[in-house]
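Subject: Structure for your review

Dear colleague,

Please find the structure below, together with its sequence.

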Amino acid sequence: MEWAPAECTLPTAERPLRVAEFDELFAAALRGLERVGPTHLRLMLDGGSQVEETARDLTARETRCCSFFAFSLTPGDARLVVDVEVPAAHVGVLDGLQARAEEAAPGVVS
């Protein structure tokens, strides 16, 4: 997780595991993404209950270690929309998250 900021409180040894969790979620459930603005990324995931449960757990844990993240999850018709926002000072972290999503799910339309 080379894009993790200094403010991240997740122990360094646990960071590769967290990245792997995001990669797994993206590979299994990401169906689209949109960069709404420089500080705002929208992820469209499959809408199954297991995907929502996993996304809620993962985003809650990520917010605990990187409190600058603002995650908003909106369930819909067969889709879960995850809006991710950061302050301007952390755009590089959002860029890194977007890059991970694109690498884990290469066929996704952005």
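This is a predicted model: local features need pLDDT of at least 70, side-chain atom pairs count only at pLDDT 80 or more; totals for chains, interfaces and linings use all residues.

In what follows, contact means heavy atoms within 4.5 Å. Leaving aside its neighbours within four places in sequence, Phe 69 is in contact with Glu 62, Thr 63, Val 84, Glu 85, Val 86, Val 93 and Leu 97.

Residues are numbered from 1 along each chain as its sequence is written, and side-chain values use heavy atoms, with hydrogens and water left out.

Helices (H or I, at least four residues) and strands (E, at least two) are DSSP runs, numbered from the N terminus. Two strands are said to pair if DSSP finds at least two bridges between them.

The sheet. Four strands form an open sheet in the order S1-S2-S4-S3, with antiparallel pairing. S1 and S3 stand at the edges with a single partner strand each, so one side of each is left without a neighbour in the sheet. Strand S1 (residues 30–37) is joined to S2 by six bridges, and the two form a hairpin with two residues between them. Glu 34 has Arg 42 in S2 as its bridge partner. S2 pairs with strand S4 (residues 79–85) over seven bridges; here Leu 41 is partnered by Val 84 of S4. Seven bridges also join S3 to S4, and the partner of Pro 75 in S4 is Leu 80.

Burial. A residue is buried under 20% relative accessible area, exposed over 50% and partly exposed in between (1.4 Å probe, protein chains only). Five of the seven residues of S2 (residues 40–46) are buried, so this strand is largely enclosed by the rest of the structure. Glu 62, in helix H2 (residues 49–65), counts as buried because its relative accessibility is 2%. Apart from neighbours within four places in sequence, Glu 62 is in contact with Arg 18, Phe 22, Phe 69 and Phe 71. The buried residues of H3 include Val 93, Leu 94 and Leu 97, and the buried residues of this helix pack against helix H1 (15–29), S1, S2 and S4.

The core. A nonpolar core is a set of buried Ala, Val, Leu, Ile, Met, Phe, Trp, Tyr and Cys residues joined through side-chain atoms within 4.5 Å. The largest has 30 residues, of which Leu 30, Leu 43, Leu 45, Phe 69, Val 82 and Val 84 touch the most other members.

Yours sincerely
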